[in-house]
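Colleague: I would like a close look at one part of this model. Please take me through the place where the two chains meet, and what lies around it.

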Amino acid sequence: MTHVQKVMALGEAVSRHVRDGMVIAMGTGLESCIPFAAGHEIIRQGRRDLVLVGPISDILFDQLIGAGCVAKVIAAWVGNVGAGIAYNFRRAVEEGIPRPLAVEDHSNLTVALAVSAAAMGVPYLPARTALGTDIVRDHQRLREVTCPFTGERLLAVGALRPDLTILHAQRCDRHGNAHLWGNLGISLEAARAAETVLLTCEELVDDAIITGDPNRTLVPGFLVSAVAEVPFGSHPSPTQGYVNRDDRFYDEYHEETRARAGFLAWLDRMVLGTQGHAGYLSRLGEDRMARLRPRTPRPAAPVNYGF
Amino acid sequence: MRTSAITRRQVMVAAAAREIRDGEVVFVGMRLPLLGFALARALHAPRAVGLFENGVIRSSPPAAPIITMGDPPNIAGALACTTLVDVMSHLQRGRVDVGFLGGAEVDRFGNLNTTWAEDRGRRIRLPGSGGAADIAALARRTVVLVHHERRRFPERVRYLTSPGFGTGRGWRETVGLVRGGPGRVITSLGVFGFDPESGEMVLESLHPGVTLEELRAETGWPVRAAPDLRETPGPTREELDAIRRFDPDGLWTG
């Protein structure tokens, strides 16, 4: 077996694996473990015409849209979870600024099933949701069908296979075998559905840490092409046990990005004007980072895999 | 006067909590419904279980105040942390008794819009469904919490994101929905139920200090009031103490 070197710096991982026009799933954990650092690197490297996939992305999709990287969003919800509206998303849809944005609307379950169908290698999955709503009207991926067994009316959800899924995990080994804990959203389905996975993690660990607790290995390394150790890589979203949610950051972003000029200033300060994730973290400052680290450890009882 | 210290949102939270019966499986949501769930668990529904669409299942309030369902205090001490498809499967399987929803617009038949709004003739893109369309389609019943103002209460939603009774009773069956529909709409002015024949929203109670005329002025269709229209019971001492315990700074109910 040839050993492929998967561990690399985030900048290299993005430059090797993210191409213009790709379909990319991100923010698959819903409000936690959102791969913000990877998204910022995509902005710095100036990728264009991306199709973003996610159930809800919090403000990551808004940032990529405002930076002009995105042609289309396939999602159930695009906004700022704390504050509601995401202004770049609105400007792009309503006014075509900085460029027109196509939107394929979903519910959380329909986007999850679209990705699940791809993960299972089937062209569609049936569901009972969203029937009768304006979401399904003239939808390219949602179609009303009759069940061949019962004759009931169902919704067929067409498969959606991302070119790339980007995940942020607590820890993984050099092969990309990743331990995740906390809520999972559609992260597992998105990893299985994609052509390949780019993984950022809080900690790169020895192989034995992973194989010591195999029930926690939710993403096997054979799906993963690139691994980058990126502490605080989900900031401002939380990563359980490593970083708490930076609530104030979302409020500040909401206020600052109300107008296009405010967003551009924000983008320059936090993304384009920083040389990479290290520069982003130095903008945050050590005090702020210290406040976001968990204060009270809550370790689980160890489990015994003995025989 | 003691009631002067009680806010409309506290009335809403107490009303939401009373919609949860002991032992029920609840699709919770954030903000006021989350507080309502905490209140119900603490007071009259100690065996209620809460599901969150990100995959969290828990039987206790979060370990500390939270802004999103993915915040670390909502994971710590949970019963289970699983996937979106897992918790939504419980919903589709018919195991969720009640789901909580909000909306930018709610209409006469309890349909919700969280996708497109309009302000002074200009179309405004809202965030979209999230899990709301799924909860509205698949829970055994839903409870809607919404701020009551005329622009949010049109006769017919301009975009149907999450299904209520559509164009009236019978519509859900016609489009293929197998159960459910709104049971209550709790607003900042009153509490509505639904006419079993027509599926239309019917006003059941007005919050303390609200008049029927005031509520009608904020609603985009001629509101029907129940013959036994009452005053919404304000939070009891016990409920108020619990609300203040779970929302100590009044972030959601102040």
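Modeller: Start with the term. Two residues are in contact if their C-beta atoms, placed from the backbone, lie within 7 Å. Keep in mind that the model is predicted.

Now apply that cut-off to the chains. Chain B brings 42 residues into contact with 50 residues of chain A. Which elements of chain B give two or more residues to this side? They are α3 (72-75), α4 (84-93), β9 (122-125) and α5 (132-138) of chain B. Sort the side of chain B that touches chain A by class, and you find 21 nonpolar, 16 polar and five charged residues.

Next, look at the sheet in chain B. Its 10 strands run in the order β4-β3-β2-β1-β5-β10-β11-β12-β13-β14. The sheet is open, and the pairing is mixed. β4 (80-81) and β14 (224-231) of chain B each have a single partner strand, so one side of each has no neighbour in the sheet. Zoom in on one pair. Strands β12 (residues 190-194) and β13 (residues 201-206) of chain B run antiparallel, joined by five bridges. There, Gly190(B) stands opposite Leu206(B) in β13(B).

Now cross to chain A. It is divided into domain 1 (10-107 + 162-292) and domain 2 (126-158). Between the centres of domain 1 and domain 2 of chain A, taken over C-alpha atoms, there are 31 Å. Four residues from domain 1 of chain A and four residues from domain 2 of chain A make the contact. On the domain 1 side, two residues are polar, two are charged and none is nonpolar.

Terms used. Residues numbered from 1 in each chain as written. Chains lettered and ligands numbered in written order. Predicted model: local features only at pLDDT ≥ 70, side-chain atom pairs only at ≥ 80, totals over all residues. Domains from an automatic or database assignment. Nonpolar A, V, L, I, M, F, W, Y, C, P; charged D, E, K, R; others polar. Helix = DSSP H or I, 4+ residues; strand = E, 2+ residues; numbered from the N terminus. Pairing = 2+ DSSP bridges.
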